[in-house]
Amino acid sequence: MFAPYMLDAWIVATLVALAAGCAGYFVVLRGAGFAAHALPMAAFPGAALAGLLGIARFYGLAVFALGGVAGLAWLKRAQRPDAATALVLVALLGLGALFLSLSGQYSNAVYALLFGQILGVGPADLPPAFAIGLGVPLALLACFRPLTYSAIAPDLAAARGLSGAGLDLLFLGLLAVTSAVALPIAGALLVFTLMVGPAAAARHLTRAPLPALGLSMALALVIAWAALALAYLTGLPSGFFVGTLSAAAYLAARLKR
Amino acid sequence: MTAALNVEGLRVTLGGREVLHDVGFSLEPGAFCGLIGANGSGKTTLLRTILGFTSPSAGRVALGGAAGYVPQKLQLDPDMPVRARDFVELGLNGHRFGFPLPSRARRAKVEEMLAAVDAAGFAGQRIGELSGGQQQRVLIAHALIRQPKLLLLDEPLANLDLRAAAEIIALLRRVAKQGVTVLISAHDMNPLLSAMDRIVYLANGRAASGTTQDVVRTEVLSALYGYHIDVIRVHERILVVAGEHGAHGHEHVATIP
């Protein structure tokens, strides 16, 4: 399990978990679960299109994820943003399926983009993983108070000069970057699960914001490590363990409270 | 003496309808003023215009110093990992970017403010789990921690039982005695009668201001509403009703419990 060829997988899993656990705290606090689900899905056709065009996957992911941010910000002004977001989400998934179908690598690519290839990561995945694993938590910690304040009391935060729309855009932008980098490694569904599960569990176990953030990151780390170890030992997909352990952590936290 | 709040010829139009017509009044430092009017009379619009959230189409608002604001109600998730003391601290530094390093002086200031509003006993509880009266105390502490000269409260007594409402009024009276001007909106003036030394009465988007004796009179309110109004005083309470010549018959325009 700790053989040299597995080392990169451990490092990447650790960094993705730190980013997802930190971003997840704000996702849950700001009630942005749907956006956290939509952004990796919005990035999915970007990766597929990049494959079709033969360009680096990161560019396709980044363009579509940031396009997703612009779309979410625009839809938020609509009367029924949830319904509109859901329709756009489904349309993007369909677009991704079309691009993959045209590229002639359908089933393997779909599996990799949705569920990740954590056991197949290599040295090339390390720089982007380090960038989000350290950069995203640092950026979010620097915005910790304004993001928390505007989530709890938007009017009061606005009275202190904080722009709700500006903070939304900043936060969604960081989510998009996290998704774009983590998606090829962990997969669209796993990024979302690692964001929401540990953070939702942490809020039941602590009363104060900073401990909740720390616990969210710690739980994400433990779940990612456990999932990787179990995937190695059983040969089953790591995504199955990430999802199951996240749900179990949330259930245990709810029952404990 | 410089006025704590001076409103002159204020006109506000929302959605093509003029909500406030030529509203003007002035409040001295330390005044305890009730902003009274039926639901939909423009109280919240006036408070939001004073705070700068809404732009007037004409007129001006001059503040003698910083203003603190207590909204009617926050939509608080009971599971949100934010304690009462965390929320009060956000009033102090929630707008600041940068790492949230602990500070003994800041913590002492928060605890002092919580004690001043008799909220020390539940400072460690999640704010979403507090009762309506307890939340109001925390919101008041949040507004006062920056030592404003003017405190604006939007219907803080709504949804409170009589005892909790009386306690909040006594607390605000103490605040006013310390030199902070208090402007509190309510649809029912009776709970405030013993405390307020000034009243701004809003009806049909117009305002009359002065002492309760000056304003809550048949002639003044009839002119404000545009039809005959009877003011009935019973057991130290005031009932304002449309009189027999009123355009709307015997309609209650302000109720008493």
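In the predicted model, helix H4 (residues 132–144) of chain B approaches helix H5 (residues 162–177) of chain B to within 9 Å between axes, with a crossing angle of roughly 15°. H4(B) is therefore roughly parallel to H5(B), the limit for that description being an angle under 35 degrees. The crossing of H4(B) past H5(B) is right-handed. On the side of H4(B), the residues in contact are Gly132(B), Gly133(B), Gln136(B), Ile140(B) and Leu144(B). Their counterparts in H5(B) are Ala164(B), Glu167(B), Ile168(B), Leu171(B) and Val175(B). The contact of these two helices consists of six nonpolar, three polar and one charged residues.

Chain B is assigned two domains, with domain 1 covering 1–66 + 148–224 and domain 2 covering 78–145. A distance of 26 Å separates the C-alpha centres of domain 1 and domain 2 of chain B. Ten residues from domain 1 and seven residues from domain 2 of chain B take part in the contact. Of the domain 1 side, the largest share, five residues, is supplied by H5(B). By class, the domain 1 side that touches domain 2 of chain B holds eight nonpolar, one polar and one charged residues.

Two helix pairs were examined in chain A. Helix H1 (residues 4–29) of chain A packs against helix H9 (residues 164–186) of chain A at an angle of about 150°, and their axes are 11 Å apart. Since angles over 145 degrees count as roughly antiparallel, H1(A) and H9(A) are described as roughly antiparallel to each other. Their crossing is left-handed. H1(A) contributes Val12(A), Val16(A), Ala19(A), Ala20(A), Ala23(A) and Phe26(A) to the contact. These residues meet Phe171(A), Leu174(A), Leu175(A), Thr178(A), Ala182(A), Ile185(A) and Ala186(A) in H9(A). In this contact, twelve residues are nonpolar, one is polar and none is charged.

In the second pair, helix H2 (residues 33–53) of chain A and H10(A) have axes 9 Å apart and an angle of about 160°. H2(A) is thus roughly antiparallel to H10(A). H2(A) passes H10(A) with right-handed crossing geometry. Gly33(A), Ala36(A), His37(A), Pro40(A), Met41(A) and Phe44(A) form the H2(A) side of the contact. The H10(A) side is made up of Ala188(A), Val191(A), Phe192(A), Met195(A) and Val196(A). The classes in this contact are nine nonpolar, two polar and no charged residues.

Between the chains, the contact involves 27 residues from chain A and 22 residues from chain B. On the chain A side, two or more residues each come from helix H6 (126–142), helix H7 (144–152), helix H8 (154–159), helix H10 (188–205) and helix H11 (209–234) of chain A. H7(A) gives the largest share of this side, six residues. The side of chain A that touches chain B contains 18 nonpolar, four polar and five charged residues.

For the complex, the predictor reports an ipTM of 0.84 and a pTM of 0.84. Chain B has a mean pLDDT of 89, with 94% of its residues at 70 or more. Over residues 246–257 of chain B, pLDDT remains under 50. The model has 28 contacts beyond four places in sequence for that stretch. Where pLDDT is low, predicted coordinates should not be read in detail.

Methods: Residues numbered from 1 in each chain as written. Chains lettered and ligands numbered in written order. Predicted model: local features only at pLDDT ≥ 70, side-chain atom pairs only at ≥ 80, totals over all residues. Axes fitted to C-alpha atoms, helices over the stretch in contact; angles between N-to-C directions. Helix = DSSP H or I, 4+ residues; strand = E, 2+ residues; numbered from the N terminus. Parallel < 35°, antiparallel > 145°, perpendicular 65-115°, else oblique. Left-handed = near helix turned anticlockwise from the far one by under 90°. Contact = placed C-beta atoms within 7 Å. Nonpolar A, V, L, I, M, F, W, Y, C, P; charged D, E, K, R; others polar. pLDDT = per-residue confidence, 0-100. Domains from an automatic or database assignment.
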